[in-house]
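Please view the sequence and the model together while reading.

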Amino acid sequence: AGRYLEAGPRQHSRFVVRLPLRRTGRHIVRVRYPDDRARSCEIATWSPAKDDRYNAHTGYLCGDPLPVSGTMQTFDFVMWARDTSQCLVFTSWLEGPPAAAARIQVFEQSGRLPAAAFAASASQRLIGHYWEDAQPMSRCFSGGKPELGDFERAANEMCDYLDYSGQNLVMHPLVWYEGPIYNSLAEARGGKGGFHMPTEGWVDILLERFEERYFTFFGLFNVHELPSLVRATEDSFERVVAGAGTFNTVTRQNDLLVKTWHHQAAAFNALHPAVQGRVVALVAEIAERYGGSPAFGGIGFHLTLAQLLLPGFLDVSYDDWTVGEFARQTGVRVPAMGTDPVRFGRRHDWLKTNAWERWLTWRCEQTAAFYVRAADRLREERGDLKLVVTILEPPMSIIDAQREQWLDGMPQT
């Protein structure tokens, strides 16, 4: 394939190439790389400017499942530089297949990005961006200030980029980790997400720009907690043991969960009507507010184990309400255990021995009914609105050992 620079085969081995620029702003970066073996290459840009952490982030894969060509390949990507001292970081993303590069060219770009030949036309096929994170969107397209003018400029840049690259879809959180990041009236704003976006109006701007290009937007729920649920949380395990009701989850280890994070069990019980009611209220508000835009395609549920959108780990929830509701609906006679402080673990053990498949089926049925309720509420507003369910478990390949344990049936904590 020719001469090139290669990173090591260890996961996250990397090399850095400096890119001294003559000016800031939009550039086209062209990377030539060898397609001569299995490779997994992440390419990220970086500079001393704080917001340049996300001005471009891309990469390539060679080999399995595609045959290698034994030749050099070239691809372009767009970079919005905030500092003239840029660098490219080439990282071997997986263990074994190394990153490599043979030549890098950088072109200053003025005016608007040229649209692809098939841009600006309605299409039934959707391809585009799926955003887990609610922080860097406008920063990726030269924005970053929580002002309407700044966001609109970034939105126009993003639309030009989507046209340039032949994409027509963006899925981005509207409810993220700790609550809504749009100006919701149904729920207080979440704590962490969207702090670089305007507090109101950014979704309206995005939808207006998308209508002009025949693009589609889906609002994601990627949510661990909601302010209204946090305020009403029963956080005393002693009171729960004594019989107080809770919509938080209780584990088979006899713990009450009030907080969660990635790869941990959900703290709020997705089967409980109080939790489902708050989610459906947000679905209804979003549908009513944005369903009139032809660019609005619907809502997506981003499902990881920490979400309040699904039961998650089989280690939860063995609280009084959930097991009582299971018994009431199925007729399974789960032994009464009074106020025994370890009854939650004992329930798990009894169900595991006596009614495990029925317990799992019931959980699945209740979760499916929850999603049907949300989907029906969307369709009440507009018949073609969709609820998209994105399953992010088992864990991604970056956590190889944990993924293997999950596939082998080992409990994850």
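Strand S7 (residues 85-92) is mostly covered, with 7 of its 8 residues buried, where buried means under 20% relative accessible area, computed with a 1.4 Å probe on protein chains only. Strands here are DSSP runs (E, at least two residues), and helices are likewise DSSP runs (H or I, at least four residues), numbered from the N terminus.

Strand S2 (residues 14-20) pairs with S7 in the antiparallel sense over 7 bridges, and two strands are said to pair if DSSP finds at least two bridges between them. Within this pairing, Val 16 stands opposite Val 89 in S7. Strand S4 (residues 39-46) also pairs with S7, again antiparallel, over 6 bridges, and Trp 46 has Cys 87 in S7 as its bridge partner.

## Basis of the model

The model is predicted, and local features need pLDDT of at least 70, side-chain atom pairs count only at pLDDT 80 or more, while totals for chains, interfaces and linings use all residues. Residues are numbered from 1 along each chain as its sequence is written, and side-chain values use heavy atoms, leaving out hydrogens and water.

## The open sheet

An open sheet is formed by 3 strands in the order S6-S3-S9, with antiparallel pairing. Its edge strands, S6 (71-81) and S9 (103-108), each pair on one side only.

Strand S3 (residues 25-35) is joined to S6 by 11 bridges, and the two run antiparallel; Arg 32 stands opposite Thr 74 in S6. Helix H1 (residues 148-165) packs on the sheet and touches S3 and S6, contact meaning heavy atoms within 4.5 Å.

Technical notes
Axes are lines fitted to C-alpha atoms, for helices over the stretch in contact, and angles run from 0 to 180 degrees between N-to-C directions. Buried means under 20% relative accessible area, exposed over 50%, partly exposed in between (1.4 Å probe, protein chains only).
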